[in-house]
Amino acid sequence: MEIPRDDLVAMYAAMVKIRYFEERIREIYLDDKLPAFDIAAGRIPGEMHLAAGQEPVAVGVMPHLKDGDAITATHRPHHIAIAQGVDLQQMAAEIFGKDTGLGHGKGGHMHLFSIHPEFGCSGIIAEGMPVAVGAALAFKKQGSDNVALSFFGDGAANQGAFHESLNLAALWNLPVVFICEDNRYAISVPKEASTAIADNSDRASAYGMPGVLVPDNDPVAVYEVAREAIARARDGGGPSLIEVETDRLWGHFEGDMDAYRSDEFKAAMAERDPMKTYPARLLSEGVLTPEEQEQLIKEAHAAVDEAIAFAESSPYPRPEDALLHVFA
Amino acid sequence: MTSPSIGLIANPASSKDIRRLVGLARVVDVEEKANLVARLLAGLWAGPPTRVLALDDAGGLVRRALHLTRSIPIPPVEFLPVEAEGREHDTRRAASALADAGAALLVTVGGDGTVRSAVEGWPEVRLLPLAAGTNNAIVTPVEPTIAGYAAALAAHGDPASDQELTLLRVIGGADGPAVAVVDAVGVRSRWVGAKALWQTEAFVEAVVANARTTAVGMASVAAAFGPIPPGHARHVVFGTGRRIRAILGPGQVADVDVASTRLVPIGQAVSFSDETRVVALDGERRIVTPGTAVEVATGPRLIAVTEILAKTRKPGFGSGSGEGAEG
Amino acid sequence: MTTLTERKLTTQKAIAEAIAQEMEADESVFVMGEDVGVYGGIFGATEGLLDRFGPDRVMDTPISETGFIGAAIGAAINGMRPIAELMFVDFFGVCMDQIYNNMAKIHYFSGGNVKVPMVLTTACGGGYSDAGQHSQTLWGMFAHLPGMKVVVPSNPYDAKGLMIAAIRDDNPVVYMFHKGVLGLGWMTPNPRAIGPVPEEPYTVPLGKAAVAREGTDVSVVTVGLTVHRALDAAETLEAKGISTEVVDLRSLVPLDREAIVASVRKTHRLLVVDEDYRSFGMTGEVITTAIEGAFDYLDAPPARIAVPDVPIPYSRPLEQFVLPDADKIVAGVEALMAG
């Protein structure tokens, strides 16, 4: 079936929002830490893991989700949360540590939790995967046709939780789709140095589920595969594993010198930046006119600017609020 | 005189696409492929002396096969000076390098897409394609050890017994010169996306070559209208007309409506209609410009393994040292 | 509310009854763990549940603690009330991230928006030669980490009430049952493991200690099986003219600090008994609490009996040497009275 124009455009709009959000966060993050980098300083202190380049994996799955579907993600969560429609203002405020944030400042960038839409992330590699399995377990018990999506990276595929989660999901035939964002690096360690086999999608059959490799960092390719996998899960067909070869354009964390990747590698990534290739195709296919594109970019940027302004102008929580919310 | 070279290209990416979800296609994982290569190497040694010139593929398949065969005799294996990037063009570049290096023939481990890329890089290639793909329409359906033995014989023997394959040359595509060895299917979709073809309602037309009656895919559509005589391809136009039950892929049975068909001899071209926005070559979509055409040509050859083996004593009847086993 | 009843249950059966009653009352309660179904739990905590409620609600899991405890968390976030069993508390090592980084912290990270209403049940304790990886108590460690409630029942009545309260609590509760208090037929008989248990569902509040025995000369504060040991010691001490108050904490998180302080203010002497490792644990916490709240009331420095900082050894004389027992408690109290 032809891909609806609305989906094609919505994916692009989300990509623009994501890329601009990551750029603005990066700018602010680094801005008041230099000249001598002090990780504790500035309006956004601590670690920061940005997803520029990985937009296609996040936006490709979103058109197939519905109300009540659950997502768990990783320490590099922004693109997924934005694509899913997590409240951008509250998300930005949480990253800035403000009281108006998703967690009233208690979670920060690696621990973003939203209820509508249902989104959560874990800073511990692979440990969000069993939680997604649990959401799918609940959906099955409740008789709903909701699905859970579990995002993780190539590095996570060697952690025990990955293997336990896939086995459980297949054993109990749960409506969960596992999505591996293969950006080929776990911090500085390339996949060839960490993983005994070439493709983590191969591991799927060892756990009794189909595995699909998407070798292109292309939202439409992800869209087509995700559509099938999510429909299958909703239909009672059980779990599957999708591995997408994507690009982490920047370092593992902001401040990472990224010296372990060659200039040629980085140049090649820049060449195939989905923010260039995807809109070029939309324009050449007449899905978007240049005027529409400009308008879309304007709106996406405005939403991000508004969210960041909201975050900047929001108050910090009172210090003693640190003692709240341990127990319900 | 140096032994003839056997070109080897193993594709780590075959058999992993969306057809695992939209059909019943299985995954052929890297271990399985490495095992195929290992068996091939063992079988090559059984025949007359050869050496192997291989692509050092991005999945480490050949290296893994070398590890698996470390304690058994195999021919010497050398890697091509082609850096594999884990992209489709690795196969094309490797095939082209093998042509330049004067390799006697090419063994592929992959599917029809792998064969396609290889032929694109080496249009006159002598092929021995081992099945590690989804449809495997162009294939040597023989256990890889035996295939290796036959390949060694073929490298020393007479190419006259090779089967000539029809080739489809794409003229005017957006991505530069391209070929197909099984089919070129025009679809209404404008997107390359997940590349595979499964949505029959989007089919506009197809040009099908080399359609064995036992093959799945477009070949099963073309074959419904009778065998394709050598030196021809069949142009199929989809639309109201005759409904055919086709087996489009593993576990994928679909009814398609065919409005008309005709045979197209070598030398003639088929122009795609304006409805065709994207053409899938051997099962993978790529972009086209309006006015793209497919010319029926010839070029690659399939090594006739059964005939070669029939003319030859099998190992066990010869000296067992890997020499002098020709018939 | 308790009803006078003649009916007595072992602690193990009281636990199973509590879970069954809550599963009856609330569809969203389900159990998962290794051997909880067909076997009824290695220590019988889920006895009879599979037959009554079926495999969808009583799920035998593979040996995948990270997987199924994480799944319990995800299910709890999505409207269910799971009870996940960690077969032996000693196994926490293979799944601790899910417990202390997810289960215990998600509510906090989400600023109170996301609740994780689950119970993590686990068997703990030694004394029957199960050696170093199957005999620990470890409640000090769970209590030390923020975000999870920790309860340790010592008797059948509390076991049922605390379990029902734990299931109904919207927070993650680590429910630790000492194997020696269960009254299992295949363990050394323990008369204190059987007691009256009302038939109807009832709760025992989390975070409230109980005075198991009133006394005036010394407060022995403890939890789990050593409550029984302390009660035995108290009888011996009674004959020697020493009146011993035994405080059963019942919960470590929340810790009933008022009860500790009130008891010490009354008796002026404190002996803390713990079957967990001595250093950096429960005894230090209780003693500090007493000092903070009742320093001026103390007639002697507080004392403690705990497992010395060694792995639990296998051989009977070695294991009996490290574990607290009634004799050690008697000696400890006498030393306090003398000093």
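Which handedness, left or right, does the crossing of H1(A) and H11(A) have? I opened the notebook with that, bearing in mind that I am reading a predicted model.

**Entry 1: a helix pair in chain A**

I looked up the crossing of H1(A) and H11(A) and found that it is left-handed. The axes of helix H1 (residues 5-31) and helix H11 (residues 274-284) of chain A come within 11 Å and cross at roughly 150°. Because angles over 145 degrees count as roughly antiparallel, I noted H1(A) as roughly antiparallel to H11(A). On the H1(A) side I listed Leu8(A), Tyr12(A), Met15(A) and Arg19(A) as the residues making the contact, and on the H11(A) side Pro274(A), Met275(A), Tyr278(A), Pro279(A) and Leu282(A). Sorting the residues of this contact by class, I got eight nonpolar, no polar and one charged.

**Entry 2: a helix pair in chain B**

Next I turned to helix H2 (residues 30-46) and helix H6 (residues 144-156) of chain B, whose axes come within 6 Å and cross at roughly 45°. That angle makes H2(B) oblique to H6(B), and I recorded the crossing as right-handed. From H2(B) the contact draws on Leu36(B), Arg39(B), Leu40(B), Leu41(B), Ala42(B), Gly43(B), Leu44(B) and Ala46(B), while H6(B) brings residues including Pro144(B), Ile146(B), Gly148(B) and Tyr149(B). The residues of the contact of H2(B) with H6(B) came out as 12 nonpolar, three polar and one charged.

**Entry 3: chain C as a whole**

For chain C I noted 12 helices and 14 strands. Its radius of gyration is 19 Å, close to the 20 Å that the globule rule gives for 339 residues, so I wrote chain C down as being as compact as a globular protein of that length. Along the principal axes, the C-alpha trace of chain C spans about 60 × 45 × 45 Å.

**Entry 4: the two domains of chain C**

The domain assignment of chain C gives domain 1 as 8-196 and domain 2 as 210-338, and I found their centres, taken over C-alpha atoms, to be separated by 26 Å. How many residues of domain 1 are in contact with domain 2 of chain C? I noted 27 residues of domain 1, which meet 24 residues of domain 2. On the side of domain 1 that touches domain 2, helix H6 (139-144), strand E6 (149-151) and helix H7 (156-168) of chain C each supply at least two residues. I divided the residues of that side into 11 nonpolar, 13 polar and three charged.

**Entry 5: chain C against chain A**

Moving between chains, I found that the contact of chain C with chain A takes 34 residues from chain C and 35 residues from chain A. The elements giving two or more residues to the chain C side are helix H3 (65-77), helix H4 (96-103) and helix H5 (106-109) of chain C, and H3(C) has the largest share, with 10 residues. By class, I recorded 13 nonpolar, 17 polar and four charged residues on the side of chain C that touches chain A.

**Entry 6: chain A against chain B**

How values were computed
Residues numbered from 1 in each chain as written. Chains lettered and ligands numbered in written order. Predicted model: local features only at pLDDT ≥ 70, side-chain atom pairs only at ≥ 80, totals over all residues. Domains from an automatic or database assignment. Contact = placed C-beta atoms within 7 Å. Helix = DSSP H or I, 4+ residues; strand = E, 2+ residues; numbered from the N terminus. Nonpolar A, V, L, I, M, F, W, Y, C, P; charged D, E, K, R; others polar. Axes fitted to C-alpha atoms, helices over the stretch in contact; angles between N-to-C directions. Parallel < 35°, antiparallel > 145°, perpendicular 65-115°, else oblique. Left-handed = near helix turned anticlockwise from the far one by under 90°. Rg over C-alpha atoms; globule rule 2.2 N^0.38 Å.
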